[in-house]
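Reader: Hi! Please walk me through this one, side chains first.

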Amino acid sequence: QVQLVESGGGLVQPGGSLRLSCTASGLTFSTYTMSWYRQAPGKERGLVARISSAGSSTNYADSVKGRFTISRDNARNTVYLQMNSLKPEDTAVYYCKADFSDWWHRTLEYWGQGTQVTVSS
């Protein structure tokens, strides 16, 4: 069975930093695109950052560019989200997502359970 487990969330002051981790099991991690999404109360879930299977390309939501960095360590089956200069608007539940598309363009998609990030003074 596939599992994605996020960790590293918590309470941090505005301007502070936090690093989230997502460790995967039950899949061939190095073949999956990994993403971070977030969902604040009353709002829809949105993409924060994405990294390709080999880590060669990334993209970010405009709201986090220059502040957040996504990275991965395929040897440890882990994707990270380094969050700097945090703002109250970053408060949300952060979710890890893995997706894979085969040669027939069939997509496999898995989600973690989420970890809470609260930015407040």
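Reader: Which other ring does the charged end of arginine 45 sit over?

Author: The ring of tyrosine 95, with 3.9 Å to its centre. Before we go on, this is a predicted model, in which local features need pLDDT of at least 70 and side-chain atom pairs count only at pLDDT 80 or more, while totals for chains, interfaces and linings use all residues. Residues are numbered from 1 along each chain as its sequence is written, and side-chain values use heavy atoms, with hydrogens and water left out.

Reader: Good to know. Back to tryptophan 111: which residue is its bridge partner?

Author: Lysine 97, with tryptophan 111 on the β10 side. Five bridges join β9 to β10 (residues 107-111), and the two strands run antiparallel. Strands here are DSSP runs of E with at least two residues, numbered from the N terminus, and two of them pair if DSSP finds at least two bridges between them.

Reader: How many residues lie between β9 and β10 in their hairpin?

Author: Five, and histidine 105 is in that turn. Histidine 105 has a positive phi of about 65 degrees although it is not a glycine.

Reader: What about β9, how many of its residues are buried?

Author: Seven of the ten, so strand β9 (residues 92-101) is mostly covered.

Reader: Which other strands does β9 pair with?

Author: One is β4 (residues 33-39), which pairs with β9 in the antiparallel sense over seven bridges. There, methionine 34 has alanine 98 of β9 as its bridge partner. Another is β11 (residues 115-119), also antiparallel to β9, over three bridges. In that pairing tyrosine 94 stands opposite threonine 115 of β11.

Reader: Lots of aromatics around there. How many aromatic pairs are there?

Author: Three. Rings of Phe, Tyr and Trp (its six-membered ring) pair if their centres lie within 6.5 Å; planes under 30 degrees apart count as stacked, over 60 as edge-to-face and the rest as tilted. One of the pairs is tyrosine 32 with phenylalanine 100, which is tilted, at 5.4 Å centre to centre and 40 degrees between the planes. Tyrosine 32 lies in the loop between β3 (18-25) and β4, and phenylalanine 100 in strand β9, so this pair ties together parts that are 68 residues apart in sequence.

Reader: Which tyrosine does tyrosine 32 also pair with?

Author: Tyrosine 110, again in a tilted pair: 6.3 Å centre to centre, with 50 degrees between the planes. Tyrosine 110 is in strand β10 and tyrosine 32 in the loop between β3 and β4, so that pair ties together parts 78 residues apart in sequence. Tyr32, Phe100 and Tyr110 form one aromatic cluster.

Reader: How do the cluster members compare for burial?

Author: Tyrosine 32 is buried, with a relative accessible area of 6%. Phenylalanine 100 is partly exposed at 26%, and tyrosine 110 is also partly exposed, at 26% relative accessibility.

Reader: New topic! In what order do the four strands of the open sheet run?

Author: The order is β1-β3-β8-β7, with antiparallel pairing. The edge strands, each pairing on one side only, are β1 (3-7) and β7 (68-73).

Reader: How many bridges link β7 and β8?

Author: Six, between β7 and β8 (residues 78-83), in the antiparallel sense. Among the partners are aspartate 73 and, in β8, threonine 78.

Reader: And what stands out about asparagine 77?

Author: Asparagine 77 has a positive phi of about 55 degrees, although it is not a glycine. Asparagine 77 is found in the loop between β7 and β8, and it is partly exposed, with a relative accessible area of 24%.

Reader: Last one: where is alanine 24?

Author: In strand β3. Alanine 24 counts as buried, at 5% relative accessibility. From alanine 24 to tryptophan 104 it is 80 residues in sequence and 24 Å in space, C-alpha to C-alpha.

Notes. Buried < 20%, exposed > 50% of the residue type's maximum accessible area, 1.4 Å probe, protein only. Lys NZ or Arg CZ within 6 Å of the ring centre and 35° of its normal.
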